[in-house]
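Morning, everyone. Let me put the structure up, and then we'll walk through it.

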Amino acid sequence: MADFETPEFREYPAVPLIKQDVMAGNGPFISRAEFDTDLGYPGELPADWKEKTLEKMGDLLGRYRSLQVFMDSCIKCGACTDKCHYFIGTSDPKNMPVARQDLMRKVYRRYFTFAGKYFPKLVGAVDLTEDVLDEWYNYYHQCSECRRCSVFCPMGIDTAEVTMAAREILAHVGKAQKYSNQIIQKVYKIGNNLGLPGKALKGILEDLEEEMEDECGVPVKYNMDEVGCEVLLMTPSADFFAEPHIDGLIGYGKVLHELGITWTVSSKASEAANFGLFIGSYENIQKISMRIREAAIELKVKRIIFGECGHAWRVAYSFLNTLAGPFDFLDQNYPIPQHILEVTYGALQDGKLRMNKAENDHLTMTFHDSCNVARASRMGDKPGGQFDIPRAVIEASCNNYVDMDADTIKDATFCCGGGGGLLTDDLMELRIKGALPRMEALKQVTEESGVTNIAAICAICKSQFTKTLPYFGFEMDSIMSVHQLVSEAIVMTGSMQEKELDGVDDEAESDE
Amino acid sequence: MSAFYALLLTVAFLVLIIGLTKKIIQYSRVPAPLKIPVTPAPLTKGGVAIRLAKEAILFAALFRSNKWTWLFGWMFHMSLFIVLLNHLRFFITDVPLPLILLQNVGEYAAFTMFIGLAGLLVRRMFVARVKYISAPSDYLWLILLMVIALTGIVMRFISHTDIIAIKEFSLGLMSFNWQDLPTDFPLMVHLFLVAALMILLPFSKLLHIPGLFFAPTRNQVDNPREVRHISSWAAELDAEKNKVQPK
């Protein structure tokens, strides 16, 4: 474990004073050449790295309107400077969104603008050196691409776009991050981020079926590679074994069973997350997305439903149609793709699910809006459905629900601290410090409203909170999946829970 | 001197128009391959127009972000807008009634413009976070605009300049029929800095003016599931890779 102090809760969450270079360093582990070459990168610093860097930068400026416009349009107003959770948690001024963008903008100005070519000092332009690249590597891996700054930017500048471009450029000169690239390689070779082979996955799912049979007395199916099901379920691989993720998967299964919807996961595409997004590589985002199309065709499904995963849902909702569509072979009566919460919410609206909220009476819940769901996607047919639908489902599953401070939820939500390719042990200090604003908001509702647990709809948030909560004095298992609450409360037709609740067949039960 | 200013202002105007046009063409030609509106986002084009109008006119995001910066920034921009409207009278022979009416309140906009800019300058100098991100040019822009406002105030309220002569000069500029310009010092400074502003605008952060409307985070409709979004270079990748089809 790295040597650092957990930041203390602040009495008044004021903006911290800047402390230069406190997060200076080498950044996360650099990728190994073998991971890079599989993803189409050189894997080492080429001799002509400077030309390569500028060439790639020029290429991206010509390919992404966002990058080109954002490089020009920042007015240095400072509106974003106190909005990033990593700045709030670390006080390092290079973690202020504008300063993070400026690491690249200074080079952009030097080589791509008239002012920077001839008057570099005047406009703060700098020469591209290897030190500059190393600083990029360090600080562009202290951004979780959560887009909170873009909400507050008067020009709509999204630092995530700059971070992604920087990482893509760095990868082209042999400075890719090990965590993300290794994971993407696993997706290509094995099918999911965790490197869980099909056989192991099958075993887990069969165990779940047995467990459900024992617990509920109904045959809830957790299929894998079953041809001809109605639905292909895409879910983050953490849902297959990590806590509390798997309790969410159990919940999806129960909901779909109760609605009579047959579904399967695919061993080939056993991962909803798309780390291509983190490294800013369109080609890799697309290649990873194509597995979903291929699996849907092979398994002859009619619908694609995504489980609880933040960045996965961004790629699914916002990009999948572009990257792997058109999906004219799927049932057009349903959104393509659909979120499991949209399914559950719709069923609740139609009165198709019976919920016994009392099962969750020992809990007082709050909800953490996952950044990429909140600011880069939607659920349902209205803007802001991504906020209302999860809350409606939670409130249909439990009696006690409280929102955290308004400045820390919905589109102003703070990142958990581990998103965007930073959920790795070599960045633990950053992850803990970056979690501070969320932990403070949680602390407030635990003290003022007696909140006991926090629910999330993202595999990364859930893993990150499992790690960070104990640092801040909370119980590790106070983080829950939203469908875990659903799973506890749902009363499936013919289940033991139904019999217990309705007080019939008690004798038959005890006779067994 | 008059010829120098006539030439300078004509060149400045051309640089502004050509430079800005080139940038706008560049922004519109660079593709936006993926749907990246910051959500919640409007579901229709009309909704997007409202979203952009709220940003351009009210500075909605900045208001949410920082009330002081919003106050000074909005005060400066709105005042500048009124000041520019007021200056239209120099380019129109028969000034229409609305502009004449505006003149009565409009002439004080120079003061609010100056106050707004001064507020922004103080922020930039004394808020450590803002100071950290400021380059020399960031200060110079504010100072340049403040001097422009100040010389305007001087000419209007203290040392009056020959407005009739200026109007003849400016009307002459438009038909390349160069007239004599009064040689008051404040006017010389005022016009020189305005020319500098016009020339530098397309090469500076003042590109935020078109940039605001070209940010995909704000100008895209939130409908990726309903409408397949595909850009030029992405379409090539698509044609190559998108071969798996159901049998």
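Which residues does L436(A) touch, not counting residues up to four places away in sequence? The answer is P7(A), I88(A) and G89(A). Touching here is contact: two residues whose C-beta atoms, placed from the backbone, lie within 7 Å.

Ground rules, quickly. This is a predicted model, where local features need pLDDT of at least 70, side-chain atom pairs count only at pLDDT 80 or more, and totals for chains, interfaces and linings use all residues. Residues are numbered from 1 along each chain as its sequence is written, while chains are lettered from A and ligands numbered from 1 in the order in which they are written.

Back to L436(A). This leucine sits in helix 20 of chain A, residues 436–449. Helices are DSSP runs of H or I, at least four residues, and strands are runs of E, at least two, numbered from the N terminus. Is L436(A) buried or exposed? It counts as buried, because it has 26 C-beta neighbours inside 10 Å. The cut-offs: buried is 20 or more other C-beta atoms within 10 Å of the residue's own, exposed is 12 or fewer, partly exposed is in between, and C-beta atoms are placed from the backbone. Now look along the chain to M496(A). L436(A) and M496(A) are 60 residues apart in sequence, and C-alpha to C-alpha they are 43 Å apart in space.

Zoom out to chain A. It has 24 helices and eight strands. Its radius of gyration is 23 Å, close to the 24 Å from the globule rule for 512 residues, so chain A is as compact as a globular protein of that length. That radius is taken over C-alpha atoms, and the rule is 2.2 Å times the number of residues to the power 0.38. Of the 512 residues, 58% are buried. Take contacts between residues at least 6 apart in sequence: in chain A, 79% of them join residues at least 24 apart.

Now chain B. Here we have 13 helices and zero strands. The C-alpha atoms fill a box of roughly 85 × 45 × 40 Å along the principal axes. In chain B, 30% of the 247 residues count as buried.
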